[in-house]
Protein chains: 2
Amino acid sequence: MNISEARTRIVATADELYNARGIQAVGMDELRAAAGVSLKKLYQEFPSKGSIVMAVLERRHKSWAEGLEATVGQVAAPRERLLAIFDYLAQWFCDDSFRGCGFINSFAELGAVSPDVAEYAREHKASFQEYVSRLADDAGAPTYLAPQLSILAEGAQTTAAIAGTAEAARQARSAAEVLIDAALGVTARRAA
Amino acid sequence: MNISEARTRIVATADELYNARGIQAVGMDELRAAAGVSLKKLYQEFPSKGSIVMAVLERRHKSWAEGLEATVGQVAAPRERLLAIFDYLAQWFCDDSFRGCGFINSFAELGAVSPDVAEYAREHKASFQEYVSRLADDAGAPTYLAPQLSILAEGAQTTAAIAGTAEAARQARSAAEVLIDAALGVTARRAA
DNA sequence: ACCGAGCGAGAACGAACGTTCTCCCCTCTC
DNA sequence: GAGAGGGGAGAACGTTCGTTCTCGCTCGGT
């Protein structure tokens with residue numbers, strides 16, 4: 001078995017378990033059993049549980065960014081690309097394993113006690129906001145639109161997680177439509 | 001010392017500690033020391049840590065509802081009452097002890113492992129949405145406005161918590177203004 | 001065939017947690 | 001003043017966790 005194959009399986013298994021039950025609720029021995037790996041190999045690949053957590057966060061960030069880009073990439077019109085963010089959310093919320101944004105959750109669980117986790121969550125959210133800003137720029141929207149849409153997306157995630165339903169995505173999407181059209185209307189009127 | 005005085009001090013201290021560092025990170029002995037109470041009295045007042053957590057959630061719910069109502073109550077115009085929600089958030093975010101919504105945090109930490117915590121968080125959020133719905137009704141807004149504003153408020157809380165700044169409240173507020181005016185414009189046009 | 005290196009299984013360890021128990025002192029009553 | 005009862009300080013207990021150690025076994029090179 002390839003070494004990096006064990007690594008990726010460990011991280012993938014940890015991602016699932018941590019997402020389903022929380023980071024602190026999953027011990028190293030359970031992770032070892034679920035990943036089908038020996039405790040020795042586990043500590044050979046990762047020096048500590050904290051490093052596994054950081055690897056999981058990296059994996060989540062990559063998976064989120066790729067999934068988002070894939071959904072947004074399917075449409076061309078700048079306005080619809082902004083709305084596609086919420087289509088991605090809607091599809092994510094329908095996943096049975098959805099239990100809220102992993103970064104919000106890990107921040108809530110460990111942010112106060114682990115500066116690494118807190119900083120990574122901050123970076124992830126900042127990178128999302130930056131991505132939204134690029135999409136908003138392409139649509140010719142004023143700079144204040146991107147934070148508004150980001151906050152909507154954030155709120156949809158926590159609302160869907162706690163309520164246990166996916167309807168927040170639809171509601172956020174229609175709100176986004178209003179905000180986008182208002183912002184674009186402002187720039188159009190300004191340009192005229 | 002009054003028995004209920006000890007109870008409230010225990011819950012108040014637990015609220016602070018749990019908010020600052022997370023529920024799982026604060027042990028019973030630390031809580032005992034911070035509350036200035038004996039371990040015996042602690043377990044005399046509460047049968048378990050879980051019951052303290054639930055009492056803290058109740059306290060948070062009451063404090064949130066009262067604070068919100070106080071801020072909203074200062075204005076009379078229905079539209080401004082809806083916006084006052086975000087003024088309340090702005091003032092809350094500026095508090096040094098702000099570390100995100102306690103319900104989102106406790107849900108992320110324990111929701112997957114404690115049905116009681118998950119259900120209480122759900123109830124709290126539902127009661128907030130209901131409150132927003134009443135305010136929106138008073139303003140004559142269509143029913144879809146309240147969930148939109150709730151999602152905005154939710155997103156502002158997590159964004160402010162993770163970013164560590166209060167500006168999300170201002171951004172959410174201006175987004176709310178757009179959504180409210182759009183919704184009221186629709187009803188006004190419908191009425192005409 | 002033999003030896004050494006690497007691996008898996010799981011025991012072991014120290015710390016921390018939630019909870020209970022023990023001991024001692026203070027106080028109130030007769 | 002003696003005894004009982006309640007409360008505080010903290011030791012003790014059982015469990016769980018993260019991490020390390022031990023012990024055989026396997027397997028590749030000579």
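Author: In sorting residues by class, Ala, Val, Leu, Ile, Met, Phe, Trp, Tyr, Cys and Pro count as nonpolar, Asp, Glu, Lys and Arg as charged, and the others, Gly among them, as polar. This is a predicted model, in which local features need pLDDT of at least 70, side-chain atom pairs count only at pLDDT 80 or more, and totals for chains, interfaces and linings use all residues; side-chain values use heavy atoms, without hydrogens and water. Residues are numbered from 1 along each chain as its sequence is written, while chains are lettered from A and ligands numbered from 1 in the order in which they are written.

Reader: By class, which residues does the surface near DNA strand C have?
Author: A residue is near a strand if one of its heavy atoms lies within 4 Å of it. Among the residues around DNA strand C are Lys40(A), Lys41(A) and Gln44(A), together with Val26(B), Met28(B) and Lys49(B). Sorted by class, this surface has four nonpolar, four polar and four charged residues.

Reader: Which helices each supply at least two residues of the surface near DNA strand C?
Author: Helices here are DSSP runs (H or I, at least four residues), numbered from the N terminus. Both chains take part in this surface, with Ser38(A) and Leu39(B) among its residues. The helices that each supply at least two residues are H3 (39-45) of chain A and H3 (39-45) of chain B.

Reader: How far is a polar side-chain atom of Lys49(B) from a phosphate oxygen of DNA strand C?
Author: A polar contact is a pair of N or O atoms within 3.5 Å; within protein, one must be able to donate a hydrogen and the other to accept it, and residues adjacent in sequence count only if both atoms are side-chain atoms. For Lys49(B), the distance to a phosphate oxygen is 2.4 Å.

Reader: Which residue of chain A has a side-chain N or O atom 2.3 Å from a phosphate oxygen of DNA strand D?
Author: A polar backbone atom of Met28(A) is 2.7 Å from a phosphate oxygen of DNA strand D. For a polar side-chain atom of Tyr43(A), the distance to a phosphate oxygen is 3.0 Å. The residue at 2.3 Å is Lys49(A).

Reader: Which residue of chain A comes closest to the rotation axis?
Author: Copies are superposed by least squares on the C-alpha atoms of residues with pLDDT of at least 70 in both. A rotation of 180° with 0.0 Å of shift along its axis places chain A on chain B, with an RMSD of 0.0 Å. The two copies are thus related as by a two-fold rotation axis. The residue of chain A closest to that axis, at 1.7 Å (C-alpha), is Gly155(A).

Reader: Which residues is Gln171(B) in contact with, leaving aside its neighbours within four places in sequence?
Author: Gln171(B) belongs to helix H9 (residues 167-191) of chain B, and it counts as buried at 14% relative accessibility. Contact means heavy atoms within 4.5 Å. Apart from those neighbours, Gln171(B) is in contact with Pro147(A), Gln148(A) and Ile151(A).

Methods. Buried means under 20% relative accessible area, exposed over 50%, partly exposed in between (1.4 Å probe, protein chains only).
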